[in-house]
Every structure is written in C-alpha cells, then in structure tokens.
Amino acid sequence: NGGVLATLKHHLPLILCEIALLLSLLVLDRPLIRGDAVAYFMWTASIGYDFDMDLENQAEQFGELNTYMAIRNPQTGRYGSAFAWGQGIVLQPAFQVARLLNLLPTMRVNDDWFYALQRFPYAFSLLAMLQVNVMTMLSLALVYTLARRLGIAALPAAWAGLMTAWGTPLLYYSSIQPLYAHAAATFVHTGALVLFLFNLTAQRPLSWWRWLSNGLVFGLAALVRWQLALSIIPCGAVLLYFVIKKERHTTWSGLVALGLGFAALVWHIPYTFNWMFGSPFSTAMGEGFVSTPRFLWELLFSNYRGFFLWSPIALLGVVGLLIGPRRHWETRLILLSVIIAQVLINAGVETWSGGESFGLRRLTELYPALVLGVAMILSVGYTSVRRAGYVLTGVLALYGIVLLFAALIFSYFTLPEMGYVSKQPVDTVTNVLTFFFSPPKFDLIWPMMEHHFGWWAWSMPGP
C-alpha cells in the first residue's frame, strides 16, 4: 500500500490533469455521427460488419445522409471515398462492443431520433465517442511519460499536456465532433512518436521487433490521416544518423525493421485507391496537393483559420522546441521537423482551411510535439520565466476554451432565423469574438448546451 500511495503521489499532477481533462470532455461530449464523421464511420461499419472495403452497403444504409462521403466511381463501378479508413480500424473495439450492447433493451434510446440523424442506434455513437475520450486521455498520458523520460518534472509535463489539449482544436474534436478522425489520429501519432523516442533513447540494444512494432504504429497513423506518413521521414533520418555513427545502441536491422513495419501498412493506401478509383494517386473528390505551400501565411496567421491566431499556445510550443535543452537536440529536431512537414503539406492544399472547422483542425495531430515544446518552456532554469510560463499557458488555454464556446454560440445564433443578424458572417476569429462579447451573450451558453452538448444531452443531442 505504501508503494502504491508513493506512486500515486509521484504522479499526482498527471492524475489531477487527467481528471480535469475528463470533466471538460464530459461537459462537451456529443455522441453524434455528423458531417465528415459519416465518411469515417462508413469505414468503421464496413470493416466491422462486412470485413471488407466495399462501401456499397454503407452508402445504402446512410441514404440521403451520404451527400459527399462515398461516391460510386463510373470507371470501376465501386463506391470510393477520399476519407482515410484508418479510424475504421482504430474504432473497432467500440464498434464491436456497441454491437453487443445494442441487443440490450436498455439501449433502446430514442431510436427514431438517432436513426434520422445518423442511421445507427445510440449505442454505436456513444461507445465510439467514449473510446475517443479515452484515447485523448491516453495521448496526454503518453506524452507525459515521454516528457518524464527526458527529465522534465511531473508538474510541467502534465500541465503542458492539459493546457495544450484545451488550447488547440483537440478538445473540440475529442468531444463536440469526436468521430472526425483528428482525435484518433492524434492518439496513434502520439503513440508512434513516443515509442520512437523511447526506442531511440534506450539504454541497451533493442531487438528488431521493437522497431518493427514502431513502424507499424507509424503506418497506422498514416492510414488514419494520410499526411502523417511524413512523420516517419525525420525519425528515419535521425535513426540513420545514429546507425552510421554507431551511437545510441542503434543497428541497421532496427532501421530496416522500422521501414518494413511502416511499409507493411502503408502499401494499402495506393492499392485501395487503385481498387476504388482506377488509379493509386486519384480520389473521388479530385483534390490534390499543389506544388508549393502557397497558403503558408494564411495557414498560420489568417484571421479565418490561422493556426497561431486560433491556437496561440501552438506558437509557444514551437518556441519551446527551438530554445529547448541542447542535450535533447535529436528530440527537438524530430518534433520541429514533424511540425514543419505538416505545416508545409497542409499549406499546399487548396482547401487548407479544412472547410467546416474549429480552428485549423488539420494540425490537431501536432499535439505531442507542441506539448513537449510547452513543457520545455516550463522547465527552464529561471524561476521567473517558469512562473510566467505557467500563467501564460493558463491564459492561452482559457482563451482556447472561451473561443470554443464563442464559436459554438456564433455557429448557432448567427443563423438569420435566430434574429441576431440578417446574413450570417464569416467565422473569423474577430467576428466570432465580437459576436460573443459585443454585447455579451453568456446567457445563451446554457440554452445551447442543454439540448446539444454534455452528458445530460447524450440521449437526445441536437444536431
């Protein structure tokens, strides 16, 4: 008992931050399959029910709700989807448990309501949402564990994880839209990076299967969000450097195993594209990457979706990685390279803003890198800087939460039929905050929350 209590006390900051994160998720949770989530859940159902990649049954089940998610390709005659199918694999535990629970009479919860909105009973969206909640909490725990491995104290490691979750789109896409792919991708991506850095800093030679497993996790991350395939490049480059230098207990067999594990899953992307669309490099939506990141300024600083305006704590994380300890140069280099790769690839997409989105949702998966950067700032040697860092991160996280509620109020109450505006304005940061505060509309929060978000509304959440 003494050992258990000592362990709990040692990790008390993590426990408290996990409790705070859980409460914030429960207050905002909405178990609905809506928007892009329909496309991702089609894959979940196809894999979980039919054990195949043919979306014809799912397109028929979703009917008129399938407005753009799965399209029959005239060349192949098959239904194709431009949306990644990795989340369909990741959510199988929740899906299979939901199939069993759905047999219970107690799970007959407003069946007509849920059928009209998502074509699946309550159990399926509820269990999937709860699994996403758990994965986000595990993401915090994983990056906390990595921070402790790097010598960062428990308090800054846990605090950075919680504040970054609250200050970026991760909170929104773990609760309000949990069945978009971002939270699941963040979890798998965090696992891949954490496992790699644990392997790289091991104090003894590792067997090849440890690196093979790491490659498989990187491959799974790519299946959940295509662009995350880029993250293995800086990791592989640093590993190659140490193999050539014969340092860090690295071996050629480990490097090869990492690549083989990655390739063992990633080959499925061009293969399935070719099966669906008749070409390994085309998608149903015809969306491709431009040659240069010409939307870089907009991606980072636009009033519309700019990452550093909607999530300024991300800028703090980048600064932390730039000024972090020299002894962790390889960790900082890898994480900065991961950030740069995701920024550049997304800045080269015509639809860089992500369409209907809270903030720049396509960079949600940078969570582990940003947390480490914030934790490094909170661990600098000067007490005054550390204290200022805690205050600043708290303020930026609060800004993220306020912006989240402001964006929700904006999306519901700027509809012309609500009577506040005659024409719905664009949801820029300025417009969202101005509408929320001028005059203050705090009185609208509960009427919106009561029937849409939070555990009290789970049985009949508004669309």
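A salt bridge (a side-chain nitrogen of Lys or Arg within 4 Å of a carboxyl oxygen of Asp or Glu) joins the side chains of Glu56 and Arg72, with 3.4 Å from N to O. This pair links distant parts of the chain, since Glu56 belongs to helix 4 (residues 56-62) and Arg72 to strand 1 (residues 71-72), 16 residues apart; helices (H or I, at least four residues) and strands (E, at least two) are DSSP runs numbered from the N terminus. The structure holds 8 salt bridges.

The model is predicted, so local features need pLDDT of at least 70 and side-chain atom pairs count only at pLDDT 80 or more, while totals for chains, interfaces and linings use all residues. Residues are numbered from 1 along each chain as its sequence is written, and side-chain values use heavy atoms, with hydrogens and water left out.

Aromatic pairs (rings of Phe, Tyr and Trp, the last by its six-membered ring, with centres within 6.5 Å; planes under 30 degrees apart count as stacked, over 60 as edge-to-face and the rest as tilted) number 41 in the structure. In one of them, the ring centres of Tyr304 and Trp352 are 6.4 Å apart and the planes stand at 90°, so the pair is edge-to-face. Because Tyr304 lies in the loop between helix 16 (296-301) and helix 17 (307-310) and Trp352 in the loop between helix 19 (329-347) and helix 20 (367-377), the pair ties together parts that are 48 residues apart in sequence.

Two spaces are described next. On a 1 Å grid over the protein atoms alone, a cavity is a set of points where a 1.4 Å probe fits but cannot get out, and a pocket is an open set with protein on both sides within 12 Å along at least five of seven lines; lining residues have an atom within 4 Å of a point. Grid points are joined across faces, edges and corners, and a volume is the space filled by probe spheres set on the points.

| Space | Volume |
|---|---|
| Second largest pocket | about 650 Å³ |
| Largest cavity | about 40 Å³ |

Of the 26 residues that line the second largest pocket, the closest to its centre are Tyr172, Gln177, Glu356, Ser357 and Ser411. The largest share of this lining, 5 residues, comes from helix 21.

A search of the whole structure finds 1 cavity of 30 Å³ or more. The residues that line the largest cavity include Trp166, Trp310, Phe358 and Leu404, and helix 9 (154-167) and helix 21 each supply at least two residues of its lining.
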